[in-house]
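Biologist: I would like to learn how to read a structure such as this one. Please show me, one feature at a time.

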Amino acid sequence: MINRRQWLYGIGLIGAGMKIALPSTDSPHPKPNPTPLELSQYEPKSMLQVHESHIERSKFPVIDFHTHISFAAKSERGVALSPDRHYLGTPQELLAVMDRKNIRTMINLTGGYEKGLADAVSKYDRAYPGRFLTLTEPSYSRLKEPNYPKLQAEAIEQAHRDGARGLKILKTLGLYLRENITSGTLVKIDDPRFDPMWDACGQLNMPVAIHVSDPIAFFTPTDRFNERYEELNNHPDWSFYGGDFPSNAELLAARNRVMARHPKTQFVTLHFGNFSENLQNVAENLDRYPNMWVDMAARIGELGRQPFTSRKFFDKYRDRILFGTDATPHGEEFPQQVFNDQLYEIYYRFLETEDEYFDYAPARIPPQGRWRIYGINLPDTVLRKVYYDNAARLLRV
Ligand SMILES: [Zn+2]
């Protein structure tokens with residue numbers, strides 16, 4: 001190894017009495033002495049100067065397929081145990097944002113069951129026709145009853161009569177629901193006890209909106225290599241690493257067996273097939289299962305960091321992608337899904353522009369990982385389908 005002085009000598013800058021000034025150790029610029037910075041305090045501002053679009057309203061009317069206007073009043077260890085609903089926003093406050101943002105219809109996925117469902121339908125769907133649609137959910141608290149498969153299928157028929165437009169499955173199935181509801185071994189997604197329920201949905205033209213698994217990083221240790229370290233550190237209960245949790249691959253495989261077994265039932269695999277980190281995998285499944293759809297809720301952070309792959313994907317699967325946000329009124333704690341004007345403007349910017357390197361959530365720090373996204377500038381023909389036509393066809397509105 002040669003030092004700097006030897007190197008300069010070697011190329012002839014020092015020699016034969018010639019002198020040059022080398023930086024002295026007591027230079028007026030103090031030696032950098034970096035102080036450690038708390039990761040949570042780090043908020044770098046991008047110095048990039050590129051075009052910024054502001055999309056107030058979507059180019060075409062929107063059906064937001066994935067929102068949460070109500071939720072179960074009582075749940076334990078991730079399992080809803082009561083038909084009663086809590087409501088997160090009044091129709092009036094939701095309609096004000098919807099009208100400003102060109103949202104024709106909001107789909108409330110978590111409508112519950114029995115009297116809770118009927119109540120949600122009358123408060124929203126029936127009071128404001130065309131603006132809100134509600135989905136039902138299984139009542140897992142009856143799982144132990146010997147005739148549960150038949151009871152649950154009948155509950156779907158009753159929910160249909162009460163106005164439910166589909167069935168929502170939370171990640172409860174596969175990750176929380178256990179043999180004794182909140183204890184015992186985990187119940188598998190393809191447990192045959194649910195077969196009559198899936199069939200009933202197919203017969204009644206009620207699509208199943210199914211959330212299976214979670215971001216792949218949630219299945220790896222919460223350590224310095226985890227790209228969602230801050231998110232998992234803030235929400236340790238979101239980690240499915242260790243314990244008796246199945247792997248992401250096992251969960252998706254069980255979901256795939258359900259879609260294969262019930263070809264007449266339409267399945268919207270939420271959050272971009274729950275594998276937006278691997279669009280190749282999502283594409284293969286869409287090719288394999290003609291009854292599979294995807295929504296994009298809470299995944300523009302993933303889609304927007306792979307804009308070239310995403311754009312090709314939207315082009316190829318333009319008939320099977322639904323616009324969705326996971327919007328939750330007053331959900332400030334999770335900025336990637338808070339129901340407000342800003343959230344919708346970000347989605348529209350992603351779909352409609354070629355803007356570069358912008359935030360995927362209205363938040364001080366990117367909440368799902370420290371990166372920014374790029375717009376995919378979809379053509380009008382694809383935009384219309386994703387914003388409205390696909391969901392309208394699926395929900396028969
Ligand atoms: Zn959701």
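**Strands, metal and core**

Modeller: In strand 7, Phe132 is the bridge partner of Met106. This is a predicted model, in which local features need pLDDT of at least 70 and side-chain atom pairs count only at pLDDT 80 or more, while totals for chains, interfaces and linings use all residues. Residues are numbered from 1 along each chain as its sequence is written, and side-chain values use heavy atoms, with hydrogens and water left out.

Biologist: What joins strand 6 to strand 7, and how do they run?

Modeller: Strands of a sheet pair through backbone hydrogen bonds, either parallel or antiparallel. Here strand 6 (residues 103-108) and strand 7 run parallel and are joined by three bridges. Two strands count as paired if DSSP finds at least two bridges between them. Strands (E, at least two residues) and helices (H or I, at least four) are DSSP runs, numbered from the N terminus.

Biologist: In what order do the three strands of the open sheet lie?

Modeller: The order is 1-6-7, with parallel pairing. Strand 1 and strand 7 (132-134) are at the edges with a single partner strand each, so one side of each has no neighbour in the sheet. From one strand to the next, the twist averages 20°.

Biologist: Which strands does helix 2 touch?

Modeller: Helix 2 (residues 91-101) packs on the sheet and touches strand 6 and strand 7. Its direction makes about 135° with that of strand 6. Angles run from 0 to 180 degrees between N-to-C directions, and axes are lines fitted to C-alpha atoms, for helices over the stretch in contact. Contact means heavy atoms within 4.5 Å.

Biologist: Which residues coordinate the zinc ion?

Modeller: Donors are N, O and S atoms within 2.8 Å of the metal (3.2 Å for Na, K and Ca); water is not among the atoms, so sites may look incomplete. Here His66 (NE2), His68 (NE2) and Asp326 (OD) coordinate the zinc ion at 2.1 Å. His66 in strand 1 (residues 62-67) and Asp326, in the loop between strand 12 (321-322) and helix 13 (341-352), are 260 residues apart.

Biologist: Is His66 buried or exposed?

Modeller: Buried means under 20% relative accessible area, exposed over 50%, and partly exposed in between (1.4 Å probe, protein chains only). His66 has 0% relative accessibility, so it counts as buried. Asp326, at 7%, is buried.

Biologist: How many residues are in the largest nonpolar core?

Modeller: A nonpolar core is a set of buried Ala, Val, Leu, Ile, Met, Phe, Trp, Tyr and Cys residues joined through side-chain atoms within 4.5 Å. The largest has 87 residues, and helix 13 gives the largest share, seven residues.
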